[in-house]
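Subject: Structure for you to look at

Hello,

Here is the structure I promised. Please open it first, then read my notes below.

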Amino acid sequence: MATQILMPALSPTMTEGKLAKWVKAEGDKVASGDILAEIETDKATMEIEAVDEGILAKILVAEGTEGVPVNTPIAVITEDGEDVGDIGVAAVKAPTPAAPAAAPATAAAAPRPSSQPAQEPDYSGPTVHISVREALRDAMAEEMRADELVFLMGEEVAQYQGAYKISQGLLDEFGPKRVIDTPITEQGFGGLGIGAAFGGLRPIVEFMTFNFAVQALDQIINSAAKTLYMSGGQMGAPIVFRGPNGAAARVGAQHSQCYASWYAHVPGLKVVAPWSAADAKGLLKSAIRDPNPVVFLENEILYGQTFDVPDDPDFTLPIGRAKVERPGADVTITAFSLMVGMSLDAAEALATEGIEAEVINLRTLRPLDTDTIVQSVRKTNRLVTVEEGWPTAGIGAEIAAVIMEHAFDDLDAPVARVAGADVPMPYAANLEKLALPTVDQIVAAAKSVCYR
Amino acid sequence: MAKPPNNAKSAPKHKKGAAKKNKSTSSGVNAEDLLRFYRQMLLIRRFEEKAGQLYGMGLIGGFCHLYIGQEAVVVGMMAAANKQDSVITSYRDHGHMLACDMDPNGVMAELTGRRDGYSKGKGGSMHMFSREKNFYGGHGIVGAQIPLGTGLAFAHKYKEDGGIAHAYCGDGAINQGQIYESFNMAELWKLPVIYVIENNRYGMGTSIERASATTELYQRGASFGIPGAQVDGMDILAVKAAGEKAAARCRAGKGPFILEMKTYRYRGHSMSDPAKYRDKEEVSKVRKESDPIDNLRDKLIAAKVADEATLKDIDKDIKAIVTAAAEFAQASEEPDPAELYTDILLEA
Ligand SMILES: Cc1ncc(C[n+]2csc(CCOP(=O)(O)OP(=O)(O)O)c2C)c(N)n1
Ligand SMILES: [Mg+2]
């Protein structure tokens, strides 16, 4: 059967080109792979090859012709012995024009998760008073007891018992197969963990701090977060990336950054930032059980703080739900991680001046619990966001935008942001103090949105 | 996913693992297997040619990296694979998917961005996966698949399922730091992984000599104590033999192995490659002298495993499969607009 050769598209953007030269002449025998012609595009001169063997029966576009649209028939190839007269019979299937894409949905129109995660279960049973550090360890130990596929890997997690002693005792209980010291190669073991998750395991990858996870950022985003989508839902990565995030104390610019907004930006990730020991335990257990990649942002300063935690191995907290830590009618304060405690202190101070602040512990930064924030703002009509990281494109900026979209008419004052100073973290004690949010700043911001 | 309906004349089902030893030829490989390899290589060649055509017609968009010339590598390696083994590679992945026995219809429909593609049209040429066939992608960040493949090997060992990971990368990728991080852990933990370096002499337009301080790539594991071998990647039987040796070592718990496959890509890096970095004679010389399919064809005839008529029948068969795949890929609809927001997270 005769086949038509069409003007090919030689790049993702080419619409027309010049037929620069015919390398074969009418009547020539061609074999698969033979160069037929040279085509000039705006970028380069390229050759087109024959796919099938046959005779170049007819040239339809003369050499030197410019502006030949893609898909124009330029020649006809017939099988050996076939009559050129048959050409007309060979119908060339015109490429089906792509259906016009549906109008792009605006961000606001993106469907919200249909099923809001369950509200935190009411708990009235016995509690234990433990540190955030112990809560994290207990969460991992309980999940490792429950599921053989769960394992922990990272730098110094096994024999050293954790750079911050989070994995204390885990090597003894679970052995070196499941508690694994890695070389100092974040990109390598970050990617290896994701591959293990593809392969059916449930890795917990500890980063000594999230400052170092930046070396694995490509793997976290391009391999962990995007694969479920790129595979049309076939293959997800059930993995937890955890470790301390944000400033500790006096460790300088490279060891003191909050990465919350970096990860919260990425569809395909869940991002959790616990404050209390109960948050830490309940949310880490949920993160380990979650079938998606979860970035779990801890805080070094909180590790030693103690809180009451439900004494119940079945206790978990839902990812995607914020918690109102202190109710109040006058102003809403949103915070996560270490800033929750400072916001509660600020609320205490504000109360002495007759301002009742409602403090929301965000707990999850992606998906953000918009409903809880909006409901609170509908009541208080004022909002202060608090975060330790930089203000530009930060979590506060996101919450301010969300509130504009969902509760603009409820606002009685512009949203105020309290954030770290927009500078690399300085070392000097006085400068570092100036770079981090303070209780006083939160109090001042709350008063200003109350016009007091 | 909506599994692409199986083409009646579907790709030849290759049996991974122990092959029946009947009618052995001089190569020690039986006739049935030789014919199967021939079919598989030819399927990849014709499939890729068709993909190139569809690209030219504007039916395939974006990047499209063809595997033409390198067919013996993946077909030979799969001849040394077991059912439970896993495979992972870069964006030059169509050949690997076909060799993993994935459905040509589903692959082609993904190339055209249609709903019956392996990723429902959401992945494209560079991003396809099949849990069923243990094919783990399809990765577009040069080198990133190597830590991932090392993790697949970690999972094989952890689960003690007897499988090994086949992790492929290019001669350009081999200079990526994360690959050496992976080599280190793989040897340290004796992970069952074969690193297959497909040395086709170029990373885009940069020849290996212009990119690599040392060009004997099979030695790249030396500082970790990983053994390696250089293989004629244009000779499927050489590839198969090397693959079997490496796999046996991995399965015996002795850790990773590196195979450098000396091969060549005939086409441009992707479809929009003006090919100014090499001359035509170089390409036509390889094509003429060491084409993997022609090589095997000559062997088949010489060993009287097949005659011209048999080979012509195979040709026709393959052509029909590829034509059907192209038709399927054009008939399948674009994904439903509602798919834009699906498959981002799994229900917890
Ligand atoms: C990290 C990264 N850098 C650059 C690119 C762009 N890029 C895509 S393929 C390629 C060349 C890779 O060559 P090689 O590893 O030899 O594989 P081949 O294409 O020959 O199969 C480059 C530079 C990329 N995709 N990822
Ligand atoms: Mg290359």
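Start with two strands of chain A. Strand S21 (residues 383-386) of chain A runs parallel to S22(A), and three bridges join them. A:Val386 has A:Val418 as its bridge partner in S22(A). Helices (H or I, at least four residues) and strands (E, at least two) are DSSP runs, numbered from the N terminus.

A word on the source: this is a predicted model, where local features need pLDDT of at least 70 and side-chain atom pairs count only at pLDDT 80 or more, while totals for chains, interfaces and linings use all residues. Residues are numbered from 1 along each chain as its sequence is written, chains are lettered from A and ligands numbered from 1 in the order in which they are written, and side-chain values use heavy atoms, leaving out hydrogens and water.

**The sheets of chain A**

S21 and S22 belong to an open sheet of five strands, ordered S17-S19-S18-S21-S22 (chain A). Its pairing is mixed. Two strands pair if DSSP finds at least two bridges between them. At the edges are strand S17 (323-326) and strand S22 (416-418) of chain A, each pairing on one side only.

Another open sheet has seven strands, in the order S11-S10-S12-S13-S15-S14-S20 (chain A). Strands S11 (179-181) and S20 (364-366) of chain A are its edges. The twist averages 20 degrees from one strand to the next. Angles run from 0 to 180 degrees between N-to-C directions, with axes fitted to C-alpha atoms, for helices over the stretch in contact. Five bridges join the parallel strands S13 (residues 240-244) and S15 (residues 294-298) of chain A. There, A:Val240 stands opposite A:Val294.

Helix H3 (residues 186-198) of chain A packs on this sheet, at about 165 degrees to S12(A).

**Where the chains meet**

The contact (heavy atoms within 4.5 Å) takes 63 residues from chain B and 76 residues from chain A. The two chains bury about 5,600 Å² between them, 61% of it on carbon and sulfur atoms. Buried area is the accessible area (1.4 Å probe) that two parts lose on being put together, summed over both.

How many salt bridges link chain B and chain A? The count is four. In one of them, the side chains of B:Lys280 and A:Glu47 meet at 2.9 Å, N to O. The rule asks for a side-chain nitrogen of Lys or Arg within 4 Å of a carboxyl oxygen of Asp or Glu.

Best wishes
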